[in-house]
Amino acid sequence: MIRVQLLIGGKKYEVTKDLVNWEDVEISIKRKDFGGVYRTFGDSFEFAGDSYMLLENEFLTNYLNASAVIVIGVLNNSWTYNEKIRCNLDFSSYQNNGNTISIKAIDNSAEAIINANKSQVYDIPVSSLKSDELYYDRMELNNKADFVVIPTEEQTEEGLYSIVLPKGIQGPFLLPLGYTTSNFPNKNTIDIGDTPLTDRNYAELLANHYLVKALTPVTVKLRISLNIQVGSMNTVKDSFLWFVAVKQVYDEEGILKQTVVEEIRMNPNSFNEIDREYKVDLGTGERFYYQIMPVSGNHILSSPVALTISNVKEISVSYTGRGMPVNFDVFTPNKLLTSILSNMGLTDMTGEVKEGDTTIPYMIAAESIRNIKNAKVHTSFSKFSEWAKACLGYYYKIEGKKVIFCHLTELYDPETVKELEHVNSIDISIDNSLIYSGVDVGYEKKDYDEINGRDEFHVKNSFSTGISINDNIYKLISPYRADCYGIEFLAQKRDEETKDDSSDNDLFIVDAISVLDPSTSSIKLKLNRQGDRPSGVLFPSSVFNVAYSPRRMLLANKEILSSCTSRLEFTASEGNADAVLWRESENSPVVLDSRYFRVETLKVGTIGLSPFPVLYDGLISFDYNNKKYTGYVSDITEHLGKMQTTDYTLICKNIV
C-alpha cells in the first residue's frame, strides 16, 4: 500500500487515487561500473482527477517557473508510512492529453546531477586550485648531433666517399665532415660546425673551423666508426699519414693550443678500420676536430693522395645535460574534484581522494609547466574518474555532502553477510564485460621528437589473459599524463608563451614530497625519487613517477582483473617496457593471486520489499536448490505498487 502526496504552492495534497500508473512505481538501489551504491527510481508519473487540475493550474499560472514535489510513502507494520520517494516534477516534460497529465520526475540527488554533467568539459583557472609550488630540478637528457663525410670528388657509388689530399698545400688537413641532424634539448652548451678539407692556409683552417666548440664547460662523447683506404704515395718524399683526434685547449696565457687525443698510423696502400669513442672535457671556447696529417716535410705532400672512405657506421658528438631548476604551480586532486563538482552545480559538496596503497599525486596543468599566464585546467568529471580508476583502482561513492574516490575494495564489505529469504526464482548469467582476452594499460603514446623520448616507460603496454572466449580488451588508459619526458620537454618551452603546443590542454600527475632544503632551511615540494632506483632506463637518478607505471596500474586494478584470469602475460609496448621499477620489470607477467568476483550475475526475485538498509555494501546470501549463493548488490529494485516485490541483481562472489 502506498500513499502519494503533491506539494504545490506551500500546500500538501493527498493524491493517491489520482496516480493512474501507481502499480508501476518503483525505486532502485544501483551500483554503477562496480563503484559506490546510489538511488534511482522510475521517473514518469501519470495524473488524473484533482491532481490533473492542480498541475494544469500550476503550469498555466507559472508557466516555466511552475514547481511541484511528489512524495511517495509505503505502509509499514505500524500502519504509518515510510517515505520512499521525494523529488521535484519536471515541467519541461509536461504532457496533457485532456484527460491525464504525464510528467517526469527530477532526481535532484548528487548522483543524478553528476551523471547528467559528467562529460561536460570545464576550464578551471590554476590560480583557484593552487596548493603549492613544485621545485622541479629537471631531468638528465642526451644531446646528439650526427655527421656525414663530404667527399672532394663526385660520388659514383653509394657508401663510398673519395677524398683527394692535394699536393703542395701545407697540412694537416681536416677530415671533411658536415653535420646532418642535431638534437640538443639542452641548449647553449656546444656549437657544431662543418670541417672542410683545407682553407687558404692552415692557420685560417684552424681558426675558422671545428667539429665541436664548447659554449660552456662540458664533457662530450665523440664516436667515429668508418674505414679509410689509403692509396699510393710517393714514399721517397712522403712516409705515411696520421689520423689524428685533436682538441684545442687554452694554455695558461689564454692561447688556444692543439692537444693530440690519439694518433692512428695509416700506411700507403693500406686499409684502416677506425672505430673509436672519445670522452673529452672541454672548457668554454675549446674545440675538437679530426685531422689527416701527412708525415713529410712541413706536412706538405709531394703528390696527391687518394683516400676512399667506406662502411661509415657513425660519426657523432653527444653530451648529457640538465636544465636549470624551475617552479610549477601544483594542486591536489581533492581541490580539482571539488572545483569540478562546483562547476556542475554541486556547490555545497566537496571532493575527496582517499589515501591508499598508491601515493596520491599532485597535479600540474601543461600551461603551468610552460609558464603561460592565467594557466587553466581543461577537464571533466569523466576524465577525472577515468584517471582515478586507471592509475589508482579508485571508484567513487557519495556520502552526505562528499564525493569520495576510494579503492574498489573499500566499496565492498566482505565481512558483513545478510541472509535473503523467500527466494522464488533465480537466473544465472555470464557478465561478458568481466571476461577479457587482454588488457591495455598505461597512457596514450606521445611523439616527443626527441632522442630521449623512447626511454619513456609511462606508455601503453598490452597484456594477454589467456582467455579466448571473446575479443574483449579491458582498457586502463589514463587521460592524465605521468610521463617524465613530457614534463621536461614542456619545461623547455617556457619561453615560448605565444606558440601553441599540442599538449597545452593536458594535465600531468607527479609523485612529490615535502622535504627540508638544507641550503635555505625551508620546506620545499620536490619530486619523490626515494627508494630503489630504476634500471633499464637512460638516467636512473633523474626519472620519477615510478608509482604510476603501467605495471603499478595493473596491480591497483587486480580485483577487477582477477574475475577471469590468474595471470597476465606481456605482449607489446609502445615505449620502454624493459624498465625495472621497484625490482620488477614492466614486461614481466603479473600474477593475480585471488579472485575478488566471479563472472556470473545472479538475478533473484522475492515477495515483499527489501529488508536491507539503503546503500548496503555487504554480502547478500541465499539458498536455492541445495546451493549457497553469495554476492554484492548490483541492483535492488523495489516495486512499490499493487504487488510489493523486489528484484535483486547480484555480483556473484561464491557458489558452494
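Analyst: The buried residues of helix α6 are Phe381, Ser382, Phe384, Ser385, Trp387, Ala388, Lys389, Ala390, Cys391 and Leu392. The model is a predicted one.

User: What makes α6 mostly covered?

Analyst: Of the 12 residues in α6, 10 are buried. A residue counts as buried under 20% relative accessible area.

User: How do you know that the span of α6 is close to the expected one?

Analyst: Helix α6 covers residues 381–392 and reaches 16 Å from its first C-alpha to its last, against the 16 Å expected at 1.5 Å a residue. After α6 comes glycine 393, which has a positive phi near 70°.

User: Why is serine 610 called buried?

Analyst: The cut-off for buried is under 20% relative accessible area. Serine 610 has 16% relative accessibility, so it counts as buried. Serine 610 sits in the loop between β41 (600–607) and β42 (618–624). Leaving aside neighbours within four places in sequence, serine 610 is in contact with Ile636, Glu638, Thr646 and Tyr648.

User: Why is valine 591 called exposed?

Analyst: Exposed requires over 50% relative accessible area. Valine 591 has 53%, and therefore it is exposed. Valine 591 belongs to strand β40 (residues 590–591). Apart from neighbours within four places in sequence, valine 591 is in contact with Ser566 and Arg567.

User: How do you know that β18 and β19 pair, and in which sense do they run?

Analyst: Pairing requires at least two bridges between two strands. Strand β18 (residues 241–250) and strand β19 (residues 256–266) are joined by 10 bridges and run antiparallel. Valine 244 stands opposite glutamate 263 in β19. The hairpin of β18 and β19 has five residues between the strands, and glycine 254 in this hairpin takes a positive phi near 80°.

User: Which strands form the open sheet with mixed pairing?

Analyst: Four strands form that sheet, in the order β23-β10-β36-β35.

User: Why are β23 and β35 said to stand at the edges?

Analyst: β23 (326–330) and β35 (512–517) each have a single partner strand, so one side of each is left without a neighbour in the sheet. On average, neighbouring strands of this sheet are turned by 45° against each other, direction ignored.

User: What makes β10 and β23 a pair?

Analyst: The requirement is at least two bridges, and strand β10 (residues 132–136) pairs with β23 over five bridges, in the antiparallel sense. Tyrosine 136 stands opposite valine 326 in β23. Helix α7 (residues 484–491) packs on the sheet and touches β10 and β23, with its direction at about 95° to that of β10.

User: Which strands form the open sheet with antiparallel pairing, and in what order?

Analyst: Six strands form it, in the order β2-β1-β6-β7-β8-β5. The edge places go to β2 (11–14) and β5 (44–47), because each has a single partner strand, and one side of each is left without a neighbour in the sheet. The twist from one strand to the next averages 35°.

User: How do you know that β5 pairs with β8?

Analyst: Four bridges join β5 to strand β8 (residues 101–106), and at least two are needed for a pair. The two strands run antiparallel. Phenylalanine 45 has isoleucine 103 as its bridge partner in β8.

User: Which strands does helix α1 lie across?

Analyst: Helix α1 (residues 49–62) lies across β1 (2–8), β2, β5, β7 (81–96) and β8, and runs at about 55° to β7.

Methods:
Residues numbered from 1 in each chain as written. Predicted model: local features only at pLDDT ≥ 70, side-chain atom pairs only at ≥ 80, totals over all residues. Heavy atoms only, no water. Buried < 20%, exposed > 50% of the residue type's maximum accessible area, 1.4 Å probe, protein only. Contact = heavy atoms within 4.5 Å. Expected span 1.5 Å × (residues − 1). Axes fitted to C-alpha atoms, helices over the stretch in contact; angles between N-to-C directions.
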